[in-house]
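Dear colleague,

Here is the structure I said I would pass on. My notes on it follow below.

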Amino acid sequence: MRGLLASSVGVTCAAALALPLTSPAVAARPVSPAAVRPAPGAEALGSTQSLPLAPLASRDRTLAPVAEQGLPRRDVRHFSLVGVIWDDPDAVLNGRVQVRTRAVGADIWSGWQDLETHNDDAADPGTAERTSGRVHGATAPLWVGDSDGVEVRVRAEADRRTEDTARGSRTATTTAPLPAGLRLELVDPGESAPVPAREESAAGASQRAVAPRPAPAPAPTADDADADADAAMDASAANADLAGLGATEIPALDRQQTEEEMFALRAAELTGQQRVKPYIGPRPRIVTRYGWGADEGLRERSFVYTKKVKAAFVHHTASGNGYRCTQAASLIRGIYRYHVKSMGWRDIGYNFLVDKCGNIYEGRAGGVAKPVLGAHTLGFNSNSMGIAVLGSYGSKKPSAAATLAIAQLTAWKLGLHGANPKGKTYLKSGGGNLYPKGKKVRLNVISGHRDGFATECPGRQLYRKLGSTRTTAARLQGR
């Protein structure tokens, strides 16, 4: 009887999620490129191929045989996202990681593409997520589109130093070993049903012909389906104050509606000044996890919260700029699977993601209006949130739509917690490579990842936009 009841509950949950409860006003809004539900079948959930790397013969005789590893060209199952992981999450890969791929239906291989080797998004030291024993070191993932061929090479960086000797000077060459357990991760983010999309205006990459996929994996059991349905219900219910169960998006509100919502959500915590003059930006439209097709069976079931949101850290995913906005949902599903299945995190690390068309997506589960603890800025995940712009912005400028979306999101979310986007705040370091554990650090309320950790993230061009982003967010709050 208990099994029948559990199965019935699972079916009921799944049915509730299959019927988004949105008002006519919400349904009339433009459909997000990610506002889709997974297609039926196990194949829709995606997959990961994990291939061990092996030593390669190097042309550089100064390198040790194990200083270059990789895989020669090979045919593989379909994938769209690629990364390299290794055993020790604290080990640093000092070297260069390059891949080239073959698009499905094509005979031509791409040129070599670099993967960002210093993937500095991480849970804080000492937390359960960091010390689970499942966490790996990893490069940033790279989006390559639908592909079925791959080649990879990982080369250690040779350190050449000039040394003084009794007979003069000589050049000594040393090479740090590559991290142990190098593996190539090929991620298939799974399929989503096609829907009308809000796409970038500029011409994107041309669509590639898609060959038939391999036979799908065996269907999940009834118990698996029930557990996944329960997890999906939990993730959707975390936003129940903002949208109905199964909603693919949380609709935008005007200023008056946002203020009324703020009073309803945080009435007991508001100061007298906040009641008289609440500084909060209008709530922007946010695509939910259900909207971008998250497989809720991947993540850990429970949600973890911090006390409040005092600051926002801006990131880029360093996954390349070769995606179309209609592919953003697939890219996010790929990053999600890479963070959880390959890197060993409990969920996707970022609290929110933004594409180059300005669409905003819910990241880590637990509720977009709540202070969900993320894994985005090592040492400063408590009392903060992480926003990642899809793409690489070291040399490429972010779109105006993306930077405006960051301002809109921070004006609303920071406003819920009484934070001024143009102000400063203090956060206590949990430990990192810039600040020791326990040190109180004065930071901009809207900071870049590099402000809390020594990293190139969010890229030079995106970092340069943070000043104007702070100004716009403060203006949206009415300051």
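**Notes on the model**

Lysine 397 sits in the loop that runs between strand S16 (384-389) and helix H8 (400-416). Please keep in mind that this is a predicted model. With a relative accessible area of 56%, lysine 397 is exposed, because the cut-off for that class is over 50%. Lys397 is also part of a patch of positive charge on the surface, together with Arg460, Arg464 and Lys465.

Arginine 285 is a buried residue, with a relative accessible area of 9%. Arginine 285 belongs to the loop between helix H5 (272-276) and strand S12 (286-287). Its side chain makes a polar contact of 3.1 Å with the side chain of glutamate 249. Arginine 285 and alanine 405 are 120 residues apart along the chain, and their C-alpha atoms are separated by 9.6 Å.

Next, the backbone. Most residues other than glycine have a negative phi, and most peptide bonds are trans.

- Alanine 318 has a positive phi, near 55°. This alanine lies in the loop between strand S13 (311-316) and helix H7 (328-342). Alanine 318 has a relative accessibility of 16% and therefore counts as buried, the cut-off being under 20%.
- Asparagine 383 is not a glycine either, and its phi is positive at about 60°. The loop that holds asparagine 383 runs between strand S15 (360-362) and S16. Asparagine 383 is buried, at 18% relative accessible area.
- The peptide bond between cysteine 457 and proline 458 is cis, with omega at about 10°. Proline 458 is in the loop between strand S19 (446-448) and helix H9 (460-464).

The loop between S19 and H9 also contains histidine 449. Is histidine 449 buried or exposed? At 1% relative accessibility, histidine 449 counts as buried. The side chain of histidine 449 is in polar contact with that of histidine 315, at 3.2 Å.

For a first look on screen, I would take the patch that includes Lys397 and Arg460, then the cis bond between cysteine 457 and proline 458, and then the side-chain contact of histidine 449 with histidine 315.

Regards

Key: Residues are numbered from 1 along each chain as its sequence is written. This is a predicted model: local features need pLDDT of at least 70, side-chain atom pairs count only at pLDDT 80 or more; totals for chains, interfaces and linings use all residues. Side-chain values use heavy atoms; hydrogens and water are left out. Patches are made of residues with over 30% relative accessible area and no salt bridge: like charges are joined within 9 Å, nonpolar side chains (Val, Leu, Ile, Met, Phe, Trp, Tyr) within 5 Å. Accessible areas come from the Shrake-Rupley method with a 1.4 Å probe; for residues, only the protein chains shown count as cover. A salt bridge is a side-chain nitrogen of Lys or Arg within 4 Å of a carboxyl oxygen of Asp or Glu. Lys and Arg count as positive and Asp and Glu as negative; His and the chain ends are not counted. The place of a charge is taken as NZ of Lys, CZ of Arg, CG of Asp or CD of Glu. Helices (H or I, at least four residues) and strands (E, at least two) are DSSP runs, numbered from the N terminus. Buried means under 20% relative accessible area, exposed over 50%, partly exposed in between (1.4 Å probe, protein chains only). A polar contact is a pair of N or O atoms within 3.5 Å; within protein, one must be able to donate a hydrogen and the other to accept it, and residues adjacent in sequence count only if both atoms are side-chain atoms.
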